[in-house]
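Open the model in your viewer and keep the sequence panel beside it. The tour goes from one selection to the next and says what is there.

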Amino acid sequence: MDLSTTYLGMKLKNPIVPAASSLSRDLSKLKAMEDAGASAVVLESLFEEQLEGEAASIDHYLTYGAESYAEATSYFPVLGDFDKGPEEYLEHIRKAKQALSIPVIASLNGVSRGGWMRYARKMEEAGADAIELNVYFIPTDPNMPGGEVEAMYVEALRAVKEAVKIPVAIKVGPYFSNMANMARRLDQSGANGLVLFNRFYQPDIDLEEIEVVPHLQFSSSVAMLLGLRWVAILHGKINADLAATNGIHTHEDVLKMLMAGAAVTQMAAALYKKGIGHISAVLADMQAWMEQHEYESVAQMRGSLSQKNCPSPSAFERANYMKAIVGYKP
Amino acid sequence: MTQRKSVTIDGNEAAAFVAHQVNEVCAIYPITPSSNMGEWADQWSAEGKTNIWGTVPSVVELQSEGGASGAVHGSLQTGALTTTFTASQGLLLMIPNMYKIAGELTSTVFHVSARTLATHALSIFGDHSDVMAVRQTGWGLLASASVQEVMDMALIAQAATLKGRVPIVHFFDGFRTSHEVQKIEQLTREDMAAMIDDNLVRAHRSRGLSPDRPVLRGSAQNPDVFFQARERSQPYYVAFPGIVQEAMDKFAKIVGRQYHLFDYEGAKDADRVVILMGSGAETALETAEYLNAHGEKVGVLRVHLFRPFSAKHLLAAIPKTVKGIVVLDRCKEPGGTGEPLYQDVVTALSEAMAENSLPFAMPKVIGGRYGLSSKEFTPAMVKAGLDELKKASPKNHFAVGINDDVSGNSLPLDADFSVEGNDVVRCLFFGLGADGTVGANKNSIKIIGEGTPNYAQGYFVYDSKKSGSLTVSHLRFGPRPIRSIYLVDRANFVACHQFVFLEKYDVLKAAVPGAVFLLNSPYGPDEVWDKIPRPVQEQIIAKKLKFYVIDGYKVAKDTGMGSRVNTIMQTCFFAISGVLPKNEAIEAIKKSIKKTYGAKGDDVVQKNFAAVDQTLANLFEVKVPAKATGSIALTPAVTDNAPAYVKEVLGKIIIGEGDSLPVSAMPEDGTFPTATAQYEKRNIALEIPVWDEKLCIQCNKCALVCPHAAIRAKVYDGALLGKAPSAFKSADFKGAEFKGMKYTIQVAPEDCTGCGLCVQVCPAKDKSNASHKAIDMADQIPLRLPERENFAFFLSLPDVDRAKVNPGTVKGSQFFRPLFEFSGACSGCGETPYVKLLSQLFGDRAIVANATGCSSIYGGNLPTTPWAVNADGRGPAWSNSLFEDNAEFGYGFRLSLDAQKEFAGFLLKKLSSELGDALVESILTADQKDEAGIAAQRERVAELKRKLSGLNTPEARNLAGVAESLVKKSVWIVGGDGWAYDIGYGGLDHVLASGRNVNVLVLDTQVYSNTGGQCSKATPIGSVAKFAASGKPSPRKDLGLMAMAYGTVYVAQVAMGANDNQTVKAFLEAESYDGPSLIIAYSHCIAHGYDLRFGMEHQKALVESGAFPLYRYNPELAAKGENPLKLDSKAPKISYGDWAMTETRFRMLTKSKPELAKKFMEMGQQSSQRLYHFYEQLAAMSFGEPKKGE
């Protein structure tokens, strides 16, 4: 049984890749992922804004209240030229590369063109095999036209492509007026892969405190259907590899995504819930299913039910009510 | 030989720089103004910097200076090169070990930033009273007068002590030298290695204790031999001055600067000489130079080696032409025949005269005191001393620099006398603590000092308040080394970085004619004139000042710099002060920006560059009109209703005129009236809370958490509202206890510091707009006048009858009037809400012993103080003894009160028939457990006093004198964790064990807050603090558990932000317990590194992490067979890291040592889980009678 696949120009032994998450902070967990059979790992995102905000905040509070009172001209020991940059993250890439034999994909969330380029270059230098751009942007300004939002994505991607030689994937949300067009533009701007879709924090309301609280609910398999549609639609229409993420929990989810056209599937919530060992269970189940259904390889399956190959291409286009009407038999 | 480089550093850094490189062990304890020396040493060791032998010195913090000196003694006794850094009371605590170290002829140098000893008051500032208190210990005393000398003498001292075996106190003036930034030449490692003879180091080691060559040292001796043994070391003292001079000569050969034990400078044929030591000598030299250039013949003899005092060297240094000598001492020895240096000089001269060896005719010698507690010492004062010698009968034992109108000891001063050259640029900057002015000025000094051939000096004067404090930076730049060691009183450049200061302070007083005046102003060049006070206008015109304005806050906002105006104001300074050519200066600033922010990326650098460029585009010269036309006057220092003493004395201190107060204005014994902070309206809040009476649920939480008692609750009769100002708000009281009455939450608009804690805790949200609460912040200025009126009316409403209030709830407690108000604590302080609660619940009968620290400073630092009185004139009586003895001090209160009460009881019984048996019986058996009981006893005692006034017998008069003691008094022992966990722990433990009725309140910030964030044993695991730069590796000491072990101590651990009702309950239970009580009150603090507005949320998170369980341990319950421990917080629901990582003190370690930070978070998690579990088990234990067989 050949489970191998290619993603971002890299030959991977199977299509299961742990998605960017805090699990990847710990080197021992990365090793466990590899041991469980993961074919590559995506590290937790480095957030330029957070990194710089953190540095600014530490700078600020280290001098907060200083030079105001004779007995306490400062309140903290001098930190010297502390690591204001991404050194900790880069060191993590280096250590991950040393510890693992599977490819290590760094993930980056930038805010400025300079930041995107600077950090991407450093990630490449630290040994990352590829970079996944995590564009996490919720446009809330009613004066910002959609075109501008799209241009921002393209610009970030171009900047990083300009800065590095390693493959670059871009992880996006589904909220574009024309996702297909957006995918093509990203593809044409040099994306080696598209990761569909990003999962945003969903603020919730605490009824006791009457306040808005940040919230991230783990995905369930239901969430994968959105990605499934778009993977199927885009497969074969763009050159970039497609990675499916968000809602991949079981071997069935993986198989469906592969059939829709994904090169790899990325998992996070399932690993939080069931542990890293879940990867091997999914792989085993997947293999069993393929054997049972007489599939020889992942390559054979990949895109077999994409819009292009699907016997009923419109299935991916219909709105729910259409399906309901079509399904109606008087 | 490495090139010596020029550095701009302060005296503390200079001393530490050498000490760290020529020692192996530093055992220290923080004390102002020496703390920075230990901090530097600790930092350098943390960075892996080595001494000249290639090892990293071990820097350890002890629990007190006594402990530090013990550790130093031990380290020296086993052969390591060891030092410490200290001052003032710290040096006093070292005295016992100093005798031992000297008696054992041990080589070491202690570096001391000489500071005033606490007498009638504490003072953190500089004089020689501390070093003079150790002159009898057998140590050498070596004085440095300037930052350069500090570095040089630190090395000379080390070389000399190794050779001569006499230990040395190397001292320099606290603040004036320890904190003055000067450009100096830095010694190299080669210099140090050349000065230190390794043979002597080996000899030192060989004298160390070792089981391989055992000796016994520290024997006990009897009358037969002790005396002889004491005399045995005498040859070392005879030889030592010569050895120090040899070291000075060797230093001169290596480095080029020649020092002598006594350095004379001035006219070779001087007829008058001033003798002094320390930084004043620099001023004296500058003055002598000037006087000699103007036809006088004077000189200055600087004393370097004061002990052993070498009369031979002294006499040889004085010019033979001398006719008069004035000896100046920076200390006071009341009752002595003169101060120490004076006495030694007189003795040396007289002995020489008696032996016919005086090389000149006996001159006239007078002595005087100067500069106590960093009092300014100026050329005019030097001149006054020298002028006095011209008189036929000069005044001896004078005091110069003050107006002593009580004893007539002061010398007249020529206020206009100045010696400063025209080539020195002198600058004054008025800033706010928070605006970065001092930091920017330190940076400017570096730019000029290290980037140009010019010399630079910076000295910084801070306010005594910790919030909204004024800073005044005094900078000098010039082509020659700067010897003007006094504040700038003739400035060529004055910058006022805060517009509001113009109304509060006379900022232009020191401006010379033609000076440049820079104002950070929200008003542009065309409108500013009418917005500034008339006296300021008048000075600008009269002195023909060049007046510039910039809207620094606007430029900061526009260029994304937030509210920090430091870079902007610094740019203005360089652009218009003329200290450097403008382009060169701007270039230098940009270079410095690049150096500072380069690591953060180009974007940050560009943002700062933009701020510099925008500054230049927004800096305007104001066309000054010919006439002052303004109508704005300066704000009075205190309110109109202030008592005369507050107006005439404290008011002067507030506006910076304290130096002009005569001796007679001061109390004889350090006693001041309380309740004075109410008259100082500081108006420092930009925003203040506004109450929405319709939304308010009347929980009083806002009043509870307010650190400054600036938001208060009251219930009152609605009929009183008739006279209320129109804007005064009220609501019907919600609840049964005061049904039918009115309720108001009122803000003290001019006392609020704008911290926002009240808004954060307010639970009442508008149902249609959750961002609106029952309290919101709003701009202060439009609210100032109406709310001032409202607050005055609020205060005029009667306080509620204490007997009718349920004090056991947050709501009830806040109807008691705060008797601690408007302190100088930080905005958002976490300690003062507890102190205020104490004052509300027990203030009218409380006596407070306050350990030195934040609470003694915001509680007792002049000018105005926060402990207040109620409508009856009762309120807390407060005193601060020392840092280390506070528990014992408060225990003494209890002993005294009980003794007086016992005497009163004895007399009552004796006089029972005359006073009436019923009255006596009711007084002696009074139940004073609650407010009503206390009120009733007060009435009985009043009745007793009335009766006693009619009995003219000695016993009746004696009883009248102690009658007050019959009303229950509440003794409170208050201090921080540095006191309770560290320096004062031994005493605290003893007092808790005593069983006497005292209440201990530990304001636990988990760090030494007042001295700037040093690690204490309360510091939690993983927290970065000074002396724990790599994070505290061990858990916080469990003081509460230790106290519980007695079984007889009431113990509570409280955190108001986590459970405010538990806090109130604990205070009441602690006070009512008839025995020792200990409350450990978690207090958020500026030293934790976050916006204090969120302090209460952080407290909550801490408790939720399990790292600080809330509990009450009441021995009374055990007596009833119940478990005395009530655990008041729930099992941990967030992790240690979830709490810790929200605070910079923990988070910063993730930047410097991420792996360690991670490990500490895991250890913290484990230890807090275990801790909670442990308490859970304790609280679940059975305390009933053991069953049979158990």
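Which residues of α29(B) are buried? The buried ones are N886(B), A887(B), F889(B), G890(B), Y891(B), F893(B), R894(B), A904(B), L907(B) and L908(B). A residue is called buried if 20 or more other C-beta atoms lie within 10 Å of its own, exposed if 12 or fewer, and partly exposed in between, with C-beta atoms placed from the backbone.

This is a predicted model, in which local features need pLDDT of at least 70 and side-chain atom pairs count only at pLDDT 80 or more, while totals for chains, interfaces and linings use all residues. Residues are numbered from 1 along each chain as its sequence is written, and chains are lettered from A and ligands numbered from 1 in the order in which they are written.

Stay on α29 and select residues 886–910 of chain B, a helix of 25 residues. From first C-alpha to last, α29(B) reaches 36 Å, close to the 36 Å expected at 1.5 Å a residue; the expected span is 1.5 Å times one less than the number of residues. Helices (H or I, at least four residues) and strands (E, at least two) are DSSP runs, numbered from the N terminus.

Next, select residues 298–303 of chain B, which form strand β11. Six of the six residues of β11(B) are buried. V298(B), V300(B) and R302(B) point one way from the strand, and G299(B), L301(B) and V303(B) point the other way.

Strand β9 (residues 262–266) of chain B pairs with β11(B) in the antiparallel sense over five bridges; two strands pair if DSSP finds at least two bridges between them. Here D263(B) stands opposite R302(B). Strand β10 (residues 272–276) of chain B runs parallel to β11(B), and five bridges join the two. The bridge partner of V274(B) in β11(B) is V300(B). Now show helix α11 (residues 280–293) of chain B: with β10(B) and β11(B), this helix makes a right-handed β-α-β unit. Right-handed means that, with the strands pointing away from the viewer, the path from the first strand over the helix to the second runs clockwise.

Move on to another sheet of chain B. In what order do the three strands of this open sheet lie? The order is β24-β26-β25, with antiparallel pairing. At the edges are β24 (711–716) and β25 (731–732) of chain B, each pairing on one side only. Two bridges join β25(B) to β26 (residues 742–747) of chain B, and D732(B) has K742(B) as its bridge partner in β26(B). Helix α25 (residues 780–796) of chain B lies across β24 and β26 of chain B, at about 130° to β26(B). Axes are lines fitted to C-alpha atoms, for helices over the stretch in contact, and angles run from 0 to 180 degrees between N-to-C directions.

Now colour by chain. 33 residues of chain A are in contact with 39 residues of chain B, contact meaning that C-beta atoms, placed from the backbone, lie within 7 Å. On chain A's side, α2 (48–63) and α4 (113–126) each supply at least two residues. The largest share, six residues, comes from α2(A).

For the last stop, select Q1177(B) in helix α42 (residues 1154–1180) of chain B. Why is Q1177(B) called exposed? Q1177(B) is exposed because it has 11 other C-beta atoms within 10 Å.

Methods:
Two residues are in contact if their C-beta atoms, placed from the backbone, lie within 7 Å.
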